[in-house]
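Here is a friendly walk through one protein and its ligand. Have the sequence and the 3D view open as you read.

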Amino acid sequence: MRTDTEHTIYLKDYSPSAYTIESVVLDVRIAPETTRVRAQLTIVPAANTPRGTPLILDGEDLRLEDIAVDGAPLVQLAYAADENGLTLVEPPNRRFVLETLVAIEPEANTRLMGLYRSNGVWCTQCEPEGFRRITYYLDRPDVLATFKVTMSADEELAPVLLANGNLIDKGSLGDGKHYAVWEDPFPKPSYLFALVAGDLASISDSFTTASGRKVDLAIYCEHGKQDQCHWAMDSLKRSMAWDEKRFDREYDLDVFNIVAVSDFNFGAMENKGLNIFNDKLVFARPETATDADYENIERVIAHEYFHNWTGNRITCRDWFQLCLKEGLTVYRDQEFTSDERSRAVKRISDVMKLRSAQFPEDGGPLAHPARPDNYREINNFYTPTVYDKGAEIVRMLATLLGEDGFKKGMDLYFERHDGEATTIEAFLACFAEANDTDLDQFKTWYEQAGTPRIEINEQFDADAHTYTLTLRQNTPPTPGQPDKAALVVPVRFGLLGPNGAEIGYERVTGAEARDDVIVLDKPEVEVVFHGVANRPVPSLLRGFSAPAILETGLSEQDRLFLARHDSDAFNRWQAIQDIGERLVVASVNGESVSDEATEALTQAMAETLAHETLDDAFKALALNLPDEAQIARAIGKSVDPSAIRASRQSLLKQVFGPLADRLEAKYEALTSEAPYTPDAAQSGRRDLRNRLLSLLATVSTKGPELAHRQYQAAKNMTDRFAALAAATLAWTEEAPSLLAEFRTTYAGDPLVFDKWLAVNARAPDDSVVSRLQAILSDPSFPKNNPNRMRALVGSFAMANPAQFTRPDGAGFRFVTGAVLDMDKRNPQVAARLLTGFRTWPMLEDSRQQAALAALHGLRDSGALSRNTNDILTRILD
Ligand code: ARG
Ligand code: ZN
């Protein structure tokens, strides 16, 4: 492996390319061991490029076999090829065609970037910098070219030949070989290039767009799995219809293909007309996929499809702008799910995810702005901050501008920038212009890392009949950004009167309040409501209107009141969580928790359980205490995850123990014989029932038996896996035998194996590390497969805090050991696993020392990839 040198790239250094590429003609001769790629690039110097400016093309792991300019072979001195690429010393000062022939070895490509072979299928992943592993190129997103691709391969090994765009020719070459020619008329950056060759089965369908274009749809997969692709196809058609309805965006080619592959570095990829997916985000049938899998598939299919407009037709000028396409597209897929399912439940789940994945990033050594201004390795910036905080920023824009204002801005963006590679500034300018407003300060959200804290003070003046809210914001320092500016924080609110209904008021003075949104755009603002007869209970940051941490100082009484009455479902859920959080934190801190306090929470939980109109999925989210990681964040420093676990487990028993009979009765009542469907109502019902099972497994002596019974009786994977998880996470006596049974039953299905790995990784018992070590050391364990490694090692590091942070360091060493081994083959996946360490600075001292010892061990163990080294350096800084 080549040793990667330190090299930081800065946003401020951006300059347009000295040369552009108009069109690309590729001839890809696919064959086992060595594939050959002949490329003809039509290259044009930019208008202001001085004569004699060298042309520097990116290239990695390529063997150059032939090179010519306008048909004439190049002499030795005219070019130089090294491990970073190819330089033409003095290219012609006019349009010319550069032709190269390179040899590559997809079978040896364990990084899974560029062209590689997964399970016999040749496939590509080019975002962000994989195309340079296929041919020499200006591998940057602002170079847009049309592509015509001729592929050829053995007819038996690869009867299916796919690339971007439309199929324009195909035929036999004799000798058992055949070819196909694909042409993509839309100029695109190289990161959207894709091809697939293999022996694949498929299902097909079609979609007619609003303007009447018939689009052929197909999903390709390994033989025998076709019956598992129908949910993905259904999701695709609903996504296409939704984007027309909600954003007026139609699809633009005659075909749309999806391919499922089993080795993939992340979820999926939006290549023009040829999306390539991690197969876990395609395959679903009730016997092997859970409701959560179904929802995930629907979401990611939609996400990649939506990229066709937000990402492909309008792309990024440079990789610093990544959240231009990702934040916006996540926002779009969140809206899709909200429209297809329950909006409130979706919002709560998204906020839980933001808090568990993005907040720890933003509050620790890996914090970076949604639009970073420097990077050493761009692959390490496909982060929760870029994706999920990026989506929150777009959501705030929609909140501040209102539905119409937001739509006007989006329309202008699509109209003005179609066909371009652009920036966050250009995006914001569309919203500013369309609404005749100024978004300069708003832009700080993209440039400043860290989660703002919002502190609230309230004052009621009974004589003056005024109610005053003071809001303060403060963002703690993050690496490289010691001083923080004030953000524009939209705080959606309501004021609840004594009977729980919203109160009216005569007028508002002080800070800007637009309808139900207070705009907190200074370090401190004050809002005075006039004509208020009684102190209202404020409901603030409704719908989680900004990615912030809210500190209200409300009493437990107020919170119980909100839990009972708030018309905003998010805040209703939040109120219950806040009560639970305070109780667990108090108990971890050794403060006494009064019986009245836990009884009040028990009462609130009982009311939630019995509520007539709240939906089941909402109840499933509410009938819980915040998870261990959320408690750790609330405590913030000198964290002892084992103490947190112990306190939380005991509070679960105190709060839910008295309800055991009611939980069980409801559990039984929710039993259903209806045939499985993955829709929101039915899956919500299963969610609630399985939540009750998991509570019962912890708080009731009957729980383990119920879990065992459900496991055996289950007719679908949702119920079977929930029973297995309930038993494993409570580490009941039956857990080991259920785990063994599950393993044997599903031995042939790698995606179900992942579920088994992930639940093993979350087991709370003290032998978990040695069990995981044994699984990983088994010579038959597929260590090159990203899904398997993430399920085993990633789940452990991210979702088993007490065991991962064991003071003896065994958990930490298990992860660094796996990272070191993986890094040799797949640096991207290794680096991602290592981010599990990002919260080490908030641990108590002995655990910090153990974490540092493991990290130093990794650092001292030899050459690490640039990916892993970058994460390690930042975590240790
Ligand atoms: N663009 C893809 C998506 O979000 C993900 C690409 C991730 N690439 C990476 N190097 N991590 O839909
Ligand atoms: Zn995306």
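The sections below go from the ligand to the core, and then to some individual residues.

## The ligand and its surroundings

Please keep in mind that this is a predicted model. Let us begin with ligand 1, which is surrounded by 15 residues. The closest of them are Glu127, Glu270, Glu304, Asn379 and Tyr387. Sorted by class, this shell is made of six nonpolar, four polar and five charged residues.

The side chain of Glu127 has an N or O atom 2.5 Å from a nitrogen atom of ligand 1. An oxygen atom of ligand 1 sits 3.4 Å from a polar side-chain atom of His303. For Glu304, an N or O atom of the side chain is 2.8 Å from an oxygen atom of ligand 1. How much of ligand 1 does the protein bury? On its own the ligand exposes 350 Å², and the protein buries 94% of that. The elements giving two or more residues to the shell are strand β20 (268-269) and the helices α2 (291-306) and α3 (322-340).

## The nonpolar core

Which residues have the most contacts inside the largest nonpolar core? They are Phe427, Phe442 and Phe656, in a core that counts 282 residues. Helix α5 (residues 384-417) supplies the largest share of this core, with 14 residues. As general background, nonpolar side chains in soluble globular proteins tend to be buried together.

Leaving aside residues up to four places away in sequence, Phe442 touches Ile393, Met396, Leu397, Leu400, Leu428 and Val488.

Is Asn278 buried or exposed? Its relative accessibility is 0%, so Asn278 counts as buried. Asn278 belongs to strand β21 (residues 274-278), and its side chain reaches the backbone oxygen of Phe266 at 3.0 Å. Beyond four places in sequence, the residues that Asn278 touches include Val261, Phe264, Gly267, Asn787 and Arg790.

Asn312 lies in the loop between α2 and β22 (315-316). Asn312 is buried too, because its relative accessible area is 6%, under the 20% cut-off. Asn312 and Ser338 are 26 residues apart in sequence, with 24 Å between their C-alpha atoms.

Gln603, in helix α10 (residues 595-610), has 40% relative accessibility and therefore counts as partly exposed. Gln603 and Leu560 are 43 residues apart in sequence, and their C-alpha atoms are 9.6 Å apart.

## Backbone details to look at

Where is there a cis peptide bond? It joins Glu127 and Pro128, with omega at about -5°.

Asp175 sits in the loop between β14 (166-174) and β15 (177-188), and Phe544 in the loop between β32 (537-540) and β33 (549-551). Asp175 is exposed, because its relative accessible area is 79%, whereas Phe544 counts as buried at 1% relative accessibility.

Methods:
Residues numbered from 1 in each chain as written. Chains lettered and ligands numbered in written order. Predicted model: local features only at pLDDT ≥ 70, side-chain atom pairs only at ≥ 80, totals over all residues. Heavy atoms only, no water. Near = heavy atom within 4 Å. Polar contact = N/O pair within 3.5 Å; in protein donor to acceptor, adjacent residues only side chain to side chain. Areas by Shrake-Rupley, 256 points an atom, 1.4 Å probe, with all protein chains shown as cover. Helix = DSSP H or I, 4+ residues; strand = E, 2+ residues; numbered from the N terminus. Nonpolar A, V, L, I, M, F, W, Y, C, P; charged D, E, K, R; others polar. Core = buried A, V, L, I, M, F, W, Y, C linked by side-chain atoms within 4.5 Å. Buried < 20%, exposed > 50% of the residue type's maximum accessible area, 1.4 Å probe, protein only. Contact = heavy atoms within 4.5 Å.
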